Amino acid sequence: MGRPMGCGTLVVLLVLVFLLIGHGNNKSTSSRTSLRSTSERYHGVKMVNTSNTIVLDNGLVRLTFSNPIGHVTGIKYGGIDNLLEIHNKPTNRGYWDLNWNYPGQKSRTSIFEGILGTEFRVITSTEDQVEISFTRTYNVSLPQGVTVPFNMDKRYILQRGRSGFYAYAIFERLEGWPEAKVDQIRMVFKLQQAKFRYMALSDTRQRFMPTAYERGIYGIKLAYKEAVLLNNTGEVDDKYQYTIEDKDNKVHGWICTDEKSPVGFWMITPSDEFKMAGPFKQGLTSHVGPTTLSVFVSSHYAGNVSMNFQQGEAWKKVFGPVFIYLNSAHPGSKNSITSLWSNAKQQMLEEVKSWPYNFTESQDFLSSDQRGSLSSRLLIHDQYISHQPLHSASFAYVGLAPPGEVGSWQRESKGYQFWVQADEEGYFIIKDVRPGNYSLYASVPGIIGDYKYEADITIEQGSKIQMPDFIYEPPRNGPTLWEIGIPDRTAAEFYIPDPYPTLSNKLYIVSERFRQYGLWARYEDRYPDSDLVYKVGVHNYSNNWFYAQVTRDIGSGTYVGTTWQIQFELESATHTGNFTLRLALASGSYSKLLGI
């Protein structure tokens, strides 16, 4: 069997009572430099600076960093001396890295580069808050390809009374610097595999996980290295099964279920304004290691969305802050998993409510009073789906993103994007937008096409723009004669086969079954001799339209494209002339689409 779906695959969306000891947010104040109210019972933040390490300690959490590189080498919390994997080298515990390319590079493989600081600075140091910085300045005299042409500033913040810490980074290019292509930027934490065995991504996606050791001993490699069959459990483990759309990727992490020290480690992302390619892009989260990620730039799942910088192009962006939240339960607690997860979700809501933070010391991160807002309503004008001339764009996703063409936000990777979901009546307000010029885009569930407002919109500091209603007229030449599927940016309504019994992941037996490994090979089981033929008026897309148009294995590692047919009659058509076939689809590769 097997090949990953990303290889020559067309995914078709066709429309034809115990106490938690976690100390979280309190109400924010209006000043950038003032902190949330804290109790005098909490220790002040202390810093110890040696030639090789920096230690921050607030009495709840103790953080250890390498100096001046800026790796997180130790996190002490909840009675555990180090939550990070002590058997790893200090350089392989908590770190930032990226993948990039440059013109003329001989190898097609991206260059992997750790983000290593060369200078340590104390940004602010009081008993209420310490913010530290590890910077690396690009050396323009270096030959091309030695290091990515960025200035990079990694920041960490520890506050009084907070069981966790904030992390963010500022990336910058100056005019005149060489061109480069950046495929990935991320922050990584590798936890103790002897302690953290339970992973939680959402209410329905959580389980005890195999360890990295078990993957190495029992894992049989499948179609790609990230997917293995564990012969001790009979299950598949694959990190790509644990992705989440950015709009939903707010909290994920791990739980140590040791009765003596039940502890949770959580990555909280309060905003996706600094992410790329819009709210529907899938991103990696946590996976076997145990590893927890915060991915800021990634070319996974969205085609060519790498950051491409031209010769001389200047640019700057702030990634984050994100909050690494730690919570714990009393020893011997019977329902520690449920309670730690519930508390982590509550803390996530507090962080979202407090966004944008007002305590960061970088002037590149703007607080709420330095931003603006836009509010309006989106309506649909389509006489063929409503007797009313206008109807509400219910629960539409509406966003401000850098100016571009219709749908360009899906490939935009360098700027900031600000997305919200409208209410049932189509009303929306986009708050805390950084000043700048934007296009307004929208995607409406159940309505084909993408909306883009005809003019750019300028957001200024302090502005509160109230726009007249936006009217979206979906592409249409006449009434719909038939359609296959729902234009909602998923393939959930189509036929999703059962996984092979020997290649399943019990996490997806009931919900999100499309995440099971090897489903692409089920196409050949269902259509062994000829390709799919769909008869309009006879077939039902839930049973007769395979969720992805895949290739066919003809042996010897050779795969060929498949040709699907749609057969229909127009007995009810009253007019002669041209008819339009509209497609809404996602593609894993460039392909010839259809012939009529």
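Tutor: A nonpolar core is a set of buried Ala, Val, Leu, Ile, Met, Phe, Trp, Tyr and Cys residues joined through side-chain atoms within 4.5 Å. Buried means under 20% relative accessible area, exposed over 50%, and partly exposed in between (1.4 Å probe, protein chains only). This is a predicted model, where local features need pLDDT of at least 70, side-chain atom pairs count only at pLDDT 80 or more, and totals for chains, interfaces and linings use all residues. Residues are numbered from 1 along each chain as its sequence is written, and side-chain values use heavy atoms, with hydrogens and water left out.

Student: Which residues have the most contacts inside the largest nonpolar core?

Tutor: They are I75, F150, F171, F189, I324 and L378, in a core of 110 residues. Strand β25, residues 315–328, gives the most to this core, namely eight residues. Strands (E, at least two residues) and helices (H or I, at least four) are DSSP runs, numbered from the N terminus. There's also a second, separate core of 31 residues, with A227, L229, F494 and I496 among them.

Student: What is I75 in contact with, leaving aside neighbours within four places in sequence?

Tutor: Contact means heavy atoms within 4.5 Å. The partners of I75 include V61, L63, L84, F165, F189, F265 and L326.

Student: Why does G74 count as buried?

Tutor: G74 has 9% relative accessibility, so it counts as buried. G74 sits in strand β5, residues 72–76. Beyond its neighbours within four places in sequence, G74 is in contact with R62, L63, T64, N82 and L84.

Student: And what makes E460 exposed?

Tutor: Its relative accessible area is 51%, so E460 goes down as exposed. You'll find E460 in the loop between β33 (457–459) and β34 (464–466). Not counting residues up to four places away in sequence, E460 touches R371, G372 and P435.

Student: How do you know that the chain is as compact as a globular protein of that length?

Tutor: The chain has four helices and 41 strands. Its radius of gyration is 26 Å, close to the 25 Å that the globule rule gives for 596 residues, so the chain is as compact as a globular protein of that length. That radius is taken over C-alpha atoms, and the rule is 2.2 Å times the number of residues to the power 0.38.

Student: How much of the chain counts as buried?

Tutor: Of the 596 residues, 53% count as buried.
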